[in-house]
Amino acid sequence: MPEAYFNLPEEIRFCRLCVMSNQRPCSIPEFTHTRERKGARYLQIDDDNVCDACKHNMQKGGVIDWKKREEELWELLEKHRSKDGSHDCICPGSGGKDSAYAAHVLKYKYRMNPLTVTWPPILYTTYGHENFMNWIKVGGFDNISFNQNGKVQRTLTRLSIRNMLHPFQTFILGQKNLAPQIAARWGIPLVFFGENEAEYGNPIADNESSMRSNSYYAMNDPSEIYLAGVSLKELEEQHGLTRGDLAPYLPTDPKLLENSGVQVRYLGYYNKWTPQESYYYAVEHTGFKARPFRTQGTYSKYSGIDDKIDDLHFYTTHIKYGLGRASYDAAMEIRNNHLTREEGVALVKRFDGEFPDRYFDDVMQYLEMSREEFFMLSDEFRSPHLWEKRQGEWKLRKAVYSEDALAD
Ligand SMILES: [Zn+2]
């Protein structure tokens, strides 16, 4: 059997209900991520050939008592709502449809007073920036944006591509760390993220609580922390970065969080979350606009459109795990009954892994990286169990549209 990199399951299996495979990574705390992905877990597909994300989705439709969950939410909010309209919760986001929806329902349906907090994209698209401004101006929210030191972010982003083919790491780190940190410092202990990652394939147990495990944003032992796949010591000694430069990317001290009573929760635990509905809601209430063109690598126009580097991110997931953005989008829409599996498979075949040339040169220019270097790196990260070269071209050995996709 050809070798599997990154601790991936050697045998590639697909879910018979959606289009996901067992090569889809579960979330890991980003600051423990290294090239080898030691101990990383991947989407569970049981002997019935159904993935955990589809199983969770079935629960969402049936077992979960949404009315009761909403009562729990009201109860929680009653405890925290401020009397004078001062900020009583934090909504992180950059103005995409989901954060727009979350902040808006918290304010206008549940009568809370959210402070929105933004870790801006690495390279804003004009559409993303316009949606962000509309979220704040049209939706009516106060906002704190943390504008990162560009030199440090560039260095870390370039290193995370070189070490892990992971262009999006600095964004993921900041997006997870910033809100808890601001919550602790500003004394606003309730933080609401929108969806739980478990919706899309973490172990189902992760979704049985409204609290986000603090393993994603808290850590006190710097010797166990890796950024861009290397230790803090190496970043300081070999890349000229100081601990202060790295601070915005580092998890928060658990003691600080505990002393300030910060609770990080998912609104998606209390409210049934459907991305397409968040989209319609955001269009109506916060002036959100889809991009007028299809996102490369998929068929959709309205999700993950803020950051020029996002398209490249999904191109790299296709290289590392055989799953591009169309796979992620189609799996979700099949579960929400907006696509049949057959349609999903056809969309994956057509769009997955499409090269994102629209913003590619902008991204390379920003990174001060040559196209050639990026392509060379890409090939280094193709796991032999996923890829083979046929007539000089890289092909997936087994894809969801292969004839033997569901054969055991
Ligand atoms: Zn599935």
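I began with what lies over helix α12: the cover of its buried residues includes α1 (52-61), α10 (275-286), α11 (308-321) and α13. I work from a predicted model, in which local features need pLDDT of at least 70, side-chain atom pairs count only at pLDDT 80 or more, and totals for chains, interfaces and linings use all residues. Residues are numbered from 1 along each chain as its sequence is written. Helices (H or I, at least four residues) and strands (E, at least two) are DSSP runs, numbered from the N terminus.

**Entry: burial of α12**

I counted a residue as buried if 20 or more other C-beta atoms lie within 10 Å of its own, as exposed if 12 or fewer do, and as partly exposed in between, with C-beta atoms placed from the backbone. On this count 11 of the 11 residues of α12 are buried, and I noted the helix as mostly covered. Among them are Arg325, Asp329, Glu333 and Arg335. After the helix comes Asn337, with a positive phi near 60°.

**Entry: α12 against α13**

I then looked up how α12 (residues 325-335) packs on α13 (residues 341-351): the angle is about 170° and the axes are 9 Å apart. The two helices are therefore roughly antiparallel. Axes are lines fitted to C-alpha atoms, for helices over the stretch in contact, and angles run from 0 to 180 degrees between N-to-C directions. Angles under 35 degrees count as roughly parallel, over 145 as roughly antiparallel, 65 to 115 as roughly perpendicular and the rest as oblique.

From α12, I listed Ala326, Ser327, Ala330 and Ile334; they meet Arg341, Gly344, Leu347, Val348 and Phe351 of α13. Contact here requires C-beta atoms, placed from the backbone, within 7 Å. Sorted by class, this contact holds six nonpolar, two polar and one charged residues. Ala, Val, Leu, Ile, Met, Phe, Trp, Tyr, Cys and Pro count as nonpolar, Asp, Glu, Lys and Arg as charged, and the others, Gly among them, as polar.

**Entry: α11 against α14**

I recorded 14 of the 14 residues of α11 as buried, so this helix is largely enclosed by the rest of the structure. The axes of α11 and α14 (residues 357-367) come within 8 Å and cross at roughly 105°. The pair is therefore roughly perpendicular. Lys308, Ile309, Asp311 and Leu312 of α11 make the contact with Arg358, Tyr359, Phe360, Asp362 and Val363 of α14. Its classes are five nonpolar, no polar and four charged residues. Just after α11, I found Gly322 with a positive phi of about 75°.

**Entry: nonpolar cores**

I took a nonpolar core as a set of buried Ala, Val, Leu, Ile, Met, Phe, Trp, Tyr and Cys residues joined through C-beta atoms within 7 Å. The largest has 52 residues, and Cys89, Ile90, Ala183, Val191 and Phe192 have the most contacts inside it. Helix α6 (residues 169-186) gives the most to this core, six residues. Beyond its neighbours within four places in sequence, Val191 is in contact with residues including Cys89, Ile90, Pro180, Ala183 and Val264. A second, separate core has 26 residues, including Cys15, Ala331, Met332 and Val348.

I also checked Pro180, which is placed in α6. It has 27 C-beta neighbours inside 10 Å and so counts as buried.

**Entry: strands**

I found both faces of β4 (residues 190-193) covered, with Leu190 and Phe192 buried on one side and Val191 and Phe193 on the other. Four bridges pair β4 with β7 (residues 263-266) in the parallel sense; pairing requires at least two DSSP bridges. Phe193 stands opposite Tyr266 of β7.

For β2 (residues 114-118), five of the five residues are buried, so the strand is largely enclosed by the rest of the structure. Four bridges join β2 to β1 (residues 89-92), and the two run parallel. Ile90 stands opposite Leu115 in β2.

**Entry: positive phi**

Most residues other than glycine have a negative phi. I therefore noted Arg37, whose phi is near 50°, with 19 C-beta neighbours inside 10 Å and hence partly exposed. Arg111 has a positive phi of about 55° and is found in the loop between α3 (97-108) and β2. With 12 C-beta neighbours inside 10 Å, Arg111 counts as exposed.

How values were computed
Contact = placed C-beta atoms within 7 Å.
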